Amino acid sequence: MKILILGYGNTLRKDDGLGVYVTLTLAALTLPGGVEICTYQQLSPELSPVLAQMDHVIFIDAALASNGEKPGAIKTRALQPRTSQPGSITHHFDPETLLAMAETLYGHAPQSTLFSVTAASFDLEEGLSPEVTAALPVLIERIKEYLFRLPETVST
Amino acid sequence: MSQKIMIEQVTRIEGHAKVSIILNDDGAVQDAQVHVTQVRGFEKFVQGRPFYEMPSLTARTCGICPVSHLVASSKACDQILAVRIPTTAIALRRIINLGQIIQSHALNFFYLSSPDLLLGMDGDPAKRNMFGMLDKHPQIVRDGIRLRQFGQQVIERLANKRIHPSWIVPGGVASPIDATTRDQILSEIPEVLGIITRTLDWYKKSLNNYQEYIRTFANFASLFMGLVTKEGRLEHYHGNLRVVTARGSVLADQLAPDEYESFIGEAVEPYTYLKSPYYKPLGYDGGMYRVGPLARLNVANECGTPQADQELAEFHCLDKGAVLSSFHYHYARLIEILYGIERIQQLLNEPDILSDNVRAHAEVNNLEGIGVSEAPRGTLFHHYKVNEDGIIQSANLIIASGNNNLAMNKGVLQAARYYVRPEKLTEGMLNRVEAVIRAFDPCLACSTHADGHMAMQIEMLDPDGKLIDTLTRE
């Protein structure tokens, strides 16, 4: 099974850099075989052929607060290929659109999951907020558990 | 009664711009201006920094072409060090520069411009974008993605980072490449050559469909400027500057980039933060020039690679003198992609490309350095003055897109005069004004939209500011 962990975000925009910091941390750990890790500043169409070769993709990103969530809240959701509104494909290319491109152009969209943490701040600063920093160990454990629960990874 | 049509808040751009179209008392288009409304401030805030930080600092000017700034900045720093960098370092800098030109040109042509070209300027805005292209022309989208990916991977394989790499440094590059890296890139050359060849093929066959745009998109006489080799060949990394007239004759040749202040003036207009460079010997009124792919192919005698030379010969037949229509920036970009791929192949096959000798080391030996190179959008100048400790005292940057400011404004005016019917503003009119800007591929508009779609609002106001008509694209 080919698994990609894709963390993305801008480390100069405080909590937006979450995906980058998490993937750097994961890269130093022992993970199941077949797992690749990559880091991007932003999602772009060139990732669609990469995704199309994967069986499973884990996206990691910071999230805006919604529904009264507090900063540091960890969320997980399965992703489906979906074409977003055309106006959004600029600096905010989303994972669902990328999956839709992979499916349309290359015939395959991998199973995908988004792990996100509600951000406290997107200010022009380096480093994560205290709330998001506190959530990191739990997030990383959840990603590891998720990886080891995936079919075929337990045996490798 | 004079009126003004404003295209306010061109959104989703790196940098901000708006367009105003001014009507005279008879309701005809009298003038048009592209307003760049954001100040970047690099020339000011780099003061006080050590010169060796300049490549990394100025690379942050742009997320699409940081390599261009790394190259020009490092060349300026090379002069401060007073070093001749190793030949392998020159070759490697050339390769990464070409990788960036390939990915940047692919972005503009395939992602930003092809929806207009293939889905029509009057197509449904909801579909005149990359998603519409996915439906109607999936192979072209795949080709664009692959070319952009190739260019980005050249950068990443050499510099270990796709955006804002720190590998290009004063004195050369930070590390050599190994045989695996070289061979990986070489193995992909046939595939990407095939892609660009078939792209040129369908594009040239479709040129007849664009005759109206060829006539009206910034099609006027101007000078053209670009770097050339001693033999007058296409050059993106080093060389001297050549200026060519609209008739195709060489006005000035082998101008030393170090002496740019003697032949390039910079004017400031009250309606924009973007400076307006002009060719000084002809003054502000007569000195408008264009840079970038169209200009580079106009000034070059040949490219120096086999397939690109054939394409260039065909390209030069488009007009009797210089090729004047800015619509042909699209064609020129494709030829430069082809040249870039062929040239990368040549450079990687040079016998000393794997040499470990890739950096010269020195201390501050000059208090001034000027670095000039060709970015995807045109000639880029970095000029630094330092003190004896190497601390930046002043910096002057002439950004590639800035060179085209006067021509871009004139082009927007030309398009507005041809397409704008003030009695009723239409979305198609708005798109054609955008398309003129997009042909220049400035750093403003290229960041506006990855899908060929610029959010805009046009308001038509009477002299009292009363709103007469409005057209909004979300």
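A:K14 is found in the loop between β1 and α1 of chain A, where helices (H or I, at least four residues) and strands (E, at least two) are DSSP runs numbered from the N terminus. The structure is a predicted model, in which local features need pLDDT of at least 70, side-chain atom pairs count only at pLDDT 80 or more, and totals for chains, interfaces and linings use all residues. Residues are numbered from 1 along each chain as its sequence is written, while chains are lettered from A and ligands numbered from 1 in the order in which they are written.

Most residues other than glycine have a negative phi. In A:K14, however, phi is positive, near 50 degrees. A:K14 counts as buried because 22 C-beta neighbours lie inside 10 Å; a residue is buried if 20 or more other C-beta atoms lie within 10 Å of its own, exposed if 12 or fewer, and partly exposed in between, with C-beta atoms placed from the backbone. A:N67, which is not a glycine, also has a positive phi, of about 55 degrees. This residue is placed in the loop between β3 and β4 of chain A. A:N67 counts as exposed, because it has 6 C-beta neighbours inside 10 Å.

Strands of a sheet pair through backbone hydrogen bonds, either parallel or antiparallel. In chain A, five strands form an open sheet with mixed pairing and the order β2-β1-β3-β5-β4; two strands pair if DSSP finds at least two bridges between them. Strands β2 (35-40) and β4 (74-79) of chain A are the edge strands, each pairing on one side only. From one strand to the next, the twist averages 20 degrees. Angles run from 0 to 180 degrees between N-to-C directions, and axes are lines fitted to C-alpha atoms, for helices over the stretch in contact.

Helix α1 (residues 18-27) of chain A packs on the sheet and touches β1 (3-8), β2, β3 (56-63) and β5 of chain A. The direction of this helix makes about 135 degrees with that of β3(A). Helix α4 (residues 130-149) of chain A lies across β1, β2, β3, β4 and β5 of chain A, at about 165 degrees to β5(A). Strands β4(A) and β5 (residues 111-118) of chain A run antiparallel and are joined by six bridges. A:S112 in β5(A) is the bridge partner of A:L79.

A:D55 lies in the loop between α2 (48-52) and β3 of chain A. Because 15 other C-beta atoms lie within 10 Å, A:D55 is partly exposed. Leaving aside neighbours within four places in sequence, A:D55 is in contact (C-beta atoms, placed from the backbone, within 7 Å) with A:M1, A:K2, A:I3, A:P110 and A:Q111. A:D55 and A:K2 are 53 residues apart in sequence, yet 5.2 Å apart in space, C-alpha to C-alpha.

Note on methods
Contact = placed C-beta atoms within 7 Å.
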